[in-house]
Amino acid sequence: MSEHTLTVAGVTVDARHWIGGERVASTDTFVDVSPIDGSVLGEIARGTATEASAAVAAARAAFPGWAATPRAERARILHAVADAVEKRIEDLSIVETHDNGALLRSHRRGVMPRVAHNFRFFADWLLRLGHDDFTTYTSGSAAGRGHTNHVSWDPAGPCVLITPWNAPLMLATWKIAPALAAGNTVILKPAEWSPLTASLFADIAAEAGLPAGVLNVVQGYGGEAGGALVSHPDVRRISFTGSVPTAKTIAAAAAANLVPASFELGGKSPLLVFADADLDLAVDLAVEQYDNAGQVCLAATRILVEETIAQEFTRRFTEKASALRQGDPRDEATDIGPNIHPRQLEKIDGFVQRALAAGARAVIGGHRGEGQCYAPTLLTDVAQDSEIVQEEVFGPVLTLQTFADEDEAVRLANDTRFGLAATVATGDRERAERVTDRLVAGTVWVNCFFVRDLQAPFGGSRHSGVGREGGTWSFDFYCDLKNTVTSPKGWRDHG
Ligand code: NAD
């Protein structure tokens, strides 16, 4: 065992980098702490420009071989990775829960099975991709007659993938799976607050048969390891999930090398509850926004309720939310675990205290909970232009505002700089159609929340992101499309 090998509740993780199919140490390390009880999980290799360059070189070296691997073989290996993930669901769940504090039962039953599904989905999609050949019959000076057009989806090269801590392996594999399926090689830089499942996954994928250098993992801090990766001139794609300020830094680095980059960013999504909605369903949707201790980019943190039902909605919401059990994320009975880091807790409380000082009223919560938890909070009497309504908190903090009619509901819903998602609760199909038409959001849910089919485009508008992932949209991003035009003339076998 190396000094970087650590054990989390019986599961061994090698926390060195994974470069070219080998474990690589760094001179420095950083300490990884569990949000559950503040215990030290271990020392993680702290990557610098040296390891970033080595990883890009490894990804470059492995690229021609992987790109030339027939699609069916690539798909077979990705299914083998999915099989291997399924066999290690328990280990991955235990490690992720200790590392980021999200519920163990969610990891076991929801998140990790989805990780496996990410590989199966993109492996299968790959085999259906690119039946785009067509024949030109248009007339005109530059157009052809009987010329065939063959569109090929060529892999782009080494891709840098940068991910956040709130759903570490799930978000990483949304990127890894399509990037690899497309024939690219990747370098993953996981978040420094939750680095472990990336390391464990590298071993699982290698054992499943993923060739050396096809997947590389560089651990370390954002500005250091991440910064070196996104500015490396041999990188062909950058896919980032995280905050708006970091996205702006990465966008500048990508621009310097003219590298296409995709950004999945934050949100301040609304939940619109109309008087004609199934009220119990609407209350359930609202309470669901506390999942993962509110650390969900898609969370509908602004509840907008039609004024005629606001009192009854608030009563039922309070009753339901007050019954949520907060505590150890390893316990089956726990509904809300701790927030990721003392700094995040500080940030959440800062938002809440400033809102209260500005005149907001806490219907529930408004203060810290036990340990590293924040009490589920609902704030009302908040102004549309206030910080608490406009800025992403990324904690279990919701605001409640009322509206008089559909126009006002839509105006409030759209009035932030974000546009990631929106949820509408209504019993009226025509209203649902009218309102969803007018909402600015990458995803709109009607009478549901968080349903995510990988066939659908996923991403945000405005400051919530640039680009879309999912199905063909992922391949669009990870491929260089090439059109080959062939003339019907000039063939020896046609005389
Ligand atoms: P963050 O921007 O601080 O960090 C994200 C990642 O970027 C980390 O791996 C970090 O190390 C790295 N990084 C930081 N600076 C960098 C730099 N200069 N160059 C390269 N990499 C750098 O975000 P976070 O706090 O980890 O995550 C929370 C944010 O992510 C929230 O805003 C949330 O809404 C967003 N998010 C969005 C989605 C989505 O799909 N839209 C999903 C999850 C989270």
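Which backbone N or O atom lies 2.7 Å from a nitrogen atom of the ligand? Select Leu265: a backbone N or O atom of this residue is the one at that distance. The pair is a polar contact (N or O atoms within 3.5 Å).

The model is predicted, so local features need pLDDT of at least 70 and side-chain atom pairs pLDDT 80 or more, while totals for chains, interfaces and linings use all residues. Residues are numbered from 1 along each chain as its sequence is written, and side-chain values use heavy atoms, without hydrogens and water.

Next, select Thr246, where a polar side-chain atom lies 2.7 Å from an oxygen atom of the ligand. Then go to Gly227, which has a backbone N or O atom 3.5 Å from a nitrogen atom of the ligand.

The shell holds 29 residues, and Lys189, Glu192, Ser243, Leu265 and Glu392 are the closest. By class there are 13 nonpolar, twelve polar and four charged residues; Gly counts as polar, and Asp, Glu, Lys and Arg as charged.

Colour α7 (222–230) next; helices are DSSP runs (H or I) of at least four residues. α7 gives four residues to the shell, the most of any element.

Last, colour domain 1 (5–265 + 460–483) and domain 2 (270–446). Both give residues to the shell, so the ligand lies between them. The domain bounds come from an automatic or database domain assignment.

Note on methods
A residue is near a molecule or strand if one of its heavy atoms lies within 4 Å of it. A polar contact is a pair of N or O atoms within 3.5 Å; within protein, one must be able to donate a hydrogen and the other to accept it, and residues adjacent in sequence count only if both atoms are side-chain atoms. Helices (H or I, at least four residues) and strands (E, at least two) are DSSP runs, numbered from the N terminus.
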